[in-house]
Amino acid sequence: PLHNWTGASRHVSGQLALYPDRPDSSHAVIRVPVASFDSGNDRRDRGMREATEANTYPLVTFEGTKFIPTIWGKGASGYNGTWEVTGTLTFHGQTHPVAETTRVSVVGDSVRVRAQFPVSLTKYGVERPGIMGFTVGDKIRIDAQLAGPMVSDSLVVAR
């Protein structure tokens, strides 16, 4: 409540099949272990794992089911633009629909995807921890950045 902080994970797994010429064929399943998030503060990270019940609900999972380019084109360096991505986010044992605009770029034989979206802890049933009468804010912001190689006519991201 008194300051912002960032927790990051480099233990992302799953698959993103992105078809630049056939976006409606794209799909994604991305998983991140809750215990892998690191804010640089062990005490805070232990509190986060306790509040999110990481032993009971060990993964955050995104499943993308609908991909619609809103701005998309191919230039000299490759494809670039934004896509509206719809799917579900499973966190703390609860699954809810999500839809956000995602930046996508394809340069050479690699792809980069970046999505930013808010998540309500209350909506996912996470009891917000507190200290000295202050509780953690309800909204956290997910900033997902994925990159990977191009495989055939699709792009597969596993990290």
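In this predicted model, the largest nonpolar core comprises 30 residues, and those with the most contacts inside it are Leu16, Leu89 and Phe91. The elements that supply two or more residues to this core include one helix, H1 (42-51), along with strands E1 (13-18) and E2 (27-33). Strands E3 (59-75), E4 (78-91), E5 (94-107) and E6 (110-120) likewise each give two or more residues to the core.

E4 and E5 run antiparallel and are joined by 14 bridges. Within this pairing, tyrosine 79 sits opposite valine 106 of E5. The two strands form a hairpin with two residues between them, and here histidine 92 adopts a positive phi near 55 degrees. E5 then pairs with E6, again in an antiparallel arrangement, through six bridges. Valine 107 has serine 110, in E6, as its bridge partner. This hairpin, too, has two residues between its strands, and glycine 108 in the turn shows a positive phi of about 60 degrees.

Four aromatic pairs are found in the structure. One of them, formed by tryptophan 72 and tryptophan 83, is edge-to-face, with 5.1 Å from centre to centre and 80 degrees between the planes. Because tryptophan 72 belongs to strand E3 and tryptophan 83 to strand E4, the pair ties together parts that are 11 residues apart in sequence. Tryptophan 72 is partly exposed, at a relative accessible area of 23%, whereas tryptophan 83 is buried, at 0% relative accessibility. The burial cut-off is under 20% relative accessible area, so tryptophan 72, at 23%, counts as partly exposed.

A second pair, between phenylalanine 91 and tyrosine 124, is tilted, with the centres 5.7 Å apart and the planes at 55 degrees. Phenylalanine 91 lies in strand E4 and tyrosine 124 in the loop between E6 and strand E7 (130-131), so this pair ties together parts that are 33 residues apart in sequence. Both phenylalanine 91 and tyrosine 124 are buried. Beyond its neighbours within four places in sequence, phenylalanine 91 contacts Thr52, Val60, Val119, Leu121, Tyr124 and Val126.

Finally, ring pairs connect Phe67, Trp72, Tyr79 and Trp83 into a cluster. Among its members is Tyr79, the residue that stands opposite valine 106 in E5.

Definitions and conventions:
Residues are numbered from 1 along each chain as its sequence is written. This is a predicted model: local features need pLDDT of at least 70, side-chain atom pairs count only at pLDDT 80 or more; totals for chains, interfaces and linings use all residues. Side-chain values use heavy atoms; hydrogens and water are left out. A nonpolar core is a set of buried Ala, Val, Leu, Ile, Met, Phe, Trp, Tyr and Cys residues joined through side-chain atoms within 4.5 Å. Buried means under 20% relative accessible area, exposed over 50%, partly exposed in between (1.4 Å probe, protein chains only). Helices (H or I, at least four residues) and strands (E, at least two) are DSSP runs, numbered from the N terminus. Contact means heavy atoms within 4.5 Å. Two strands pair if DSSP finds at least two bridges between them. Rings of Phe, Tyr and Trp (its six-membered ring) pair if their centres lie within 6.5 Å; planes under 30 degrees apart count as stacked, over 60 as edge-to-face and the rest as tilted.
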